[in-house]
Amino acid sequence: MIRLLGLFKKKEKPQSKPKKEQTSNKKNNEVVAGRKGEIGEYKIDIQLSQLPKEYMYLNDIMIKNAKSASGYSQIDHLVLTPYGIFVIETKNYQGTIYGGRNRKQWLINGKFKMINPVIQNYGHIQALKTLVDKRFHSSFISLVSFTKRCKLKIDMELREISADEMVIYDIYLTETINRKVSIAKLKDKEPLLSEGDIQQVYNILSKANITDPTIREQHNKSLKEKNSTNKSAAAKCVVCSKPVSQKVKDYCMANKKFDGKVYCYEHQRSR
């Protein structure tokens, strides 16, 4: 009889997991994201190592930039060739990327915002120009690379091989550099940078590179704080300055007809 009653006893509900585990999961996600970024950088580094021997390249350069919020610019990769100085910004996002050359912010999957990487890399190049001779200023070429985990829906002019500002998939990085060098050779038979010039620029940028871990950590902390502040700032309608919710803001940013501007519900209908 006792055994029969035992069969009808209510099963005890499992105890809920402590909140600390949620924090642990968040940290795990950050670690995974960091590892993906490291793998992406490693893939780029392998590609760059396969470029012609007369080319020189630098990875993870941080230099002073008075116009930057943190006071510094961190550049993922630099490739010095006889026909151009390639400044490379790498992105390891996943999803559909929407953006245009002049839009301050781009969107990931139509929801999540990111800084326009073309404008970001433009700032890097301007900082680099303060370090090198003016005769090299016209030699800078901006390349922004995304992994194939992304689908690019951006201005087609940014995909043109003849452009000085390009957005590409990372697997085509060395191919793009080689193609652009070949095109430049057709225009200018004489190299824009001699072997001595390349070595000179390499030495200047190597010397300017900030390796102090404390300064680098402070730079990254400053960027995180800025992003956090931007996210928490209330968005306002550009017509009446009425505060709008994050949901309304995201809707406007994802809708092309609003051209990257935020409108309240009333003024959305008048567009």
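1. Strand E3 (residues 84-91) is mostly covered, with 8 of its 8 residues buried. Buried means under 20% relative accessible area, exposed over 50%, and partly exposed in between (1.4 Å probe, protein chains only). Strands (E, at least two residues) are DSSP runs, numbered from the N terminus.

2. This is a predicted model: local features need pLDDT of at least 70, side-chain atom pairs count only at pLDDT 80 or more, and totals for chains, interfaces and linings use all residues. Residues are numbered from 1 along each chain as its sequence is written, and side-chain values use heavy atoms, with hydrogens and water left out.

3. Both faces of E3 are covered. Gly84, Phe86, Ile88 and Thr90 are buried on one side. Ile85, Val87, Glu89 and Lys91 are buried on the other.

4. E3 runs antiparallel to strand E2 (residues 72-81), joined by 5 bridges. Two strands pair if DSSP finds at least two bridges between them. E2 and E3 form a hairpin, with 2 residues between them. Leu80 has Ile85 of E3 as its bridge partner.

5. E3 also runs parallel to strand E7 (residues 140-146), through 7 bridges. Here Ile85 stands opposite Phe140 of E7.

6. Check the backbone at Asn109. Its phi is positive, near 60°, and the residue is not glycine. Asn109 lies in the loop between strand E5 (105-108) and strand E6 (112-115). It counts as partly exposed because its relative accessibility is 40%.

7. Ser241 is another non-glycine residue with a positive phi, about 65°. Its loop runs between strand E10 (235-236) and strand E11 (243-244). Ser241 has 47% relative accessibility, so it counts as partly exposed.

Methods
Helices (H or I, at least four residues) and strands (E, at least two) are DSSP runs, numbered from the N terminus.
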